[in-house]
Amino acid sequence: MDIVTLTLIFIATLGCGGAGGYLLRKTLAARKKETAEAKAIELIEEAKRKEKELNLKAKDKALSIIESAKKEEQERRDRLIKLEERLANRERNLDHKLDQLEQKQNILEADKTKISKIKNELAEIRRKQLTTLEKVAKLTQAKAREVLLEMVERDMKEKILERIEKLKKLEKEEADKNAQNIIGSAIQRYAASVASETTTSTVALPSDEMKGRIIGREGRNIKRIEELTGVEVVVDDTPGAIVISAFSPIRRQVAKLALESLILDGRIHPSKIEEAVQKAKKVLATEIKEAGETAVFELGIADFDPKLIQLLGRLKYRTSYGQNVLDHSIQVANFSALIASQLGTNVQLAKKAGLLHDIGKAVDHEIEGTHIEIGKNILKKFAMPEELIHAMECHHGDTEPHSVEAMIVTAADAISAARPGARKDSYENYLKRLEDLENVANSFEGVEKSYAIQAGREVRVFVRPGEIDDLEATKLAQKIADKVENDLKYPGEIKVNVIRETRAIEIAR
């Protein structure tokens, strides 16, 4: 066979194979299609079947839910019915109780009416009985009561009086005993030294040669000291000392401080003396303040105004019958506190009132009125409590005490003043005479200042030279002497020394 024949055979074979393959594929495709359709139909059927099952389940569940809801609703209805029945029962019970209360109220009203009627009937019967008794006894009710009381009083009068007197006696004895115990205990617990004030102060000198320097040329230094301080400087044969004499403790202290400063400095002349006196006054003001502060500190009082403390410190240089007033005030404060503590009253109030009871004496020589009136005005100015002011103003018995603290301060003041050696009556009278002598001199026009010296035997009067000339100074001395003779009582004679001084000062630059 040639190549062409083989080729044709090959081509024919290929053609047959292709046709067969095509037919085979077509047959397979047709079978696959039928299989897919069958599967699809089967899936659809399965889906429909499952849908039916789901619908059935859903319907069952819905029916179950509906049944459950109906059951719950029925239960709620049953509960509501029961509640309504309970409320209805309660309403019936309340109505029944209200009816019962109303019935009881009606019964009570009826009973009240009956009781009121019975009371009126009893009152009428009592009135008729009293009227009958009055007719029988020929006495009214008031008169019968009076007669009965008189009979009882006659029978019991003596016994009542005896009982009253016995109780008064027992009460007085008990009160006296308690008072003695309290006062004795207070005095025993507070033991302070007693020192009477004098009218002189002593200044120590480093040597007797200093006496001549203090006296100065023709006595100008000592005269200047006495003029500026109002004291009398006594230079005698006493070795190593000079004596300052004055009734005012403040003046003595100023003079003493000035002299001690001059002696320490060594330079003593009129201008230096003036500087020393001014400096001494400032130092004294500081000492007064410190004295007041020390007093309130020792007593534990912390709420006083600084100006009131300053006034309190001035009492250090004030005496009463020879007794230092500040020491006396501190004693009264301590006694008042001790007594108040035993009686259970206000200790702080009693202590403050005791300390301030003589505060008026700090300025009584500058202001008109008694020291009680002045002290009362001072305490009002510093807004002190009314009960403290009342306790202060009662301590001399001028005002009736209305509080226990006022009585305590009065007793404490008496205890302090009555202690042996605390006071000297003649000393106080002496100081009063000197003070009156100065007041007489100061009452005239043109007088600048005056000082009583020589134990009241002389009064030195310094006048303003611009208002009083030499002739007027002579007339003024006579007027003062006449008024002293007419107004004052004194032993011996008093010398009136009127001093008129003109000073001219220039400064060289």
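Is alanine 383 buried or exposed? At 64% relative accessibility, alanine 383 counts as exposed; the term means over 50% relative accessible area, whereas buried means under 20% and partly exposed lies in between (1.4 Å probe, protein chains only). Alanine 383 sits in the loop between H10 and H11. Its phi is positive, about 55 degrees, although the residue is not a glycine.

The model is predicted: local features need pLDDT of at least 70, side-chain atom pairs count only at pLDDT 80 or more, and totals for chains, interfaces and linings use all residues. Residues are numbered from 1 along each chain as its sequence is written, and side-chain values use heavy atoms, with hydrogens and water left out.

The secondary structure of the chain comes to 14 helices and eight strands. These are DSSP runs numbered from the N terminus, helices being H or I with at least four residues and strands E with at least two. Of the 509 residues of the chain, 32% count as buried. Contact is defined as heavy atoms within 4.5 Å. Among contacts between residues at least 6 apart in sequence, 64% join residues at least 24 apart.

The largest nonpolar core has 33 residues. Such a core is a set of buried Ala, Val, Leu, Ile, Met, Phe, Trp, Tyr and Cys residues joined through side-chain atoms within 4.5 Å. Phe304, Leu312, Leu355, Leu356, Ile359, Leu379 and Met384 have the most contacts inside this core. At least two of its residues come from each of H6 (270-299), H7 (306-314), H8 (325-343), H9, H10 (371-381), H11 and H12 (404-418). Apart from this core lies another, of 27 residues, among them Met210, Leu257, Ala258 and Val277. Leucine 379 touches Leu356, Ile359, Met384, Leu388, Ile389 and Met392, leaving aside its neighbours within four places in sequence.

Helices H9 (residues 347-356) and H11 (residues 386-393) cross at roughly 50 degrees, and their axes come within 9 Å. H9 is therefore oblique to H11. Axes are lines fitted to C-alpha atoms, for helices over the stretch in contact, and angles run from 0 to 180 degrees between N-to-C directions. Angles under 35 degrees count as roughly parallel, over 145 as roughly antiparallel, 65 to 115 as roughly perpendicular and the rest as oblique. From H9, Leu349, Lys352, Ala353 and Leu356 meet Glu387, Leu388, Ala391 and Met392 of H11. By class, this contact has six nonpolar, no polar and two charged residues. Here Ala, Val, Leu, Ile, Met, Phe, Trp, Tyr, Cys and Pro count as nonpolar, Asp, Glu, Lys and Arg as charged, and the others, Gly among them, as polar.

H4 (220-229) is mostly covered, with eight of its ten residues buried. The buried residues are Asn221, Ile222, Arg224, Ile225, Glu226, Glu227, Leu228 and Thr229. They pack against H3, E2 (232-234), H5 (249-265), H6, E6 (447-453) and E7 (458-463). Glycine 230 follows H4 and has a positive phi, near 75 degrees. Glutamate 218 lies in the loop between H3 (209-215) and H4. Glutamate 218 also has a positive phi, about 55 degrees, although it is not a glycine. At 75% relative accessibility, glutamate 218 counts as exposed.

Threonine 474 lies in H14 (residues 470-487). Threonine 474 is exposed, with a relative accessible area of 55%. Its C-alpha atom is separated by 9.5 Å from that of asparagine 497, 23 residues apart along the chain.
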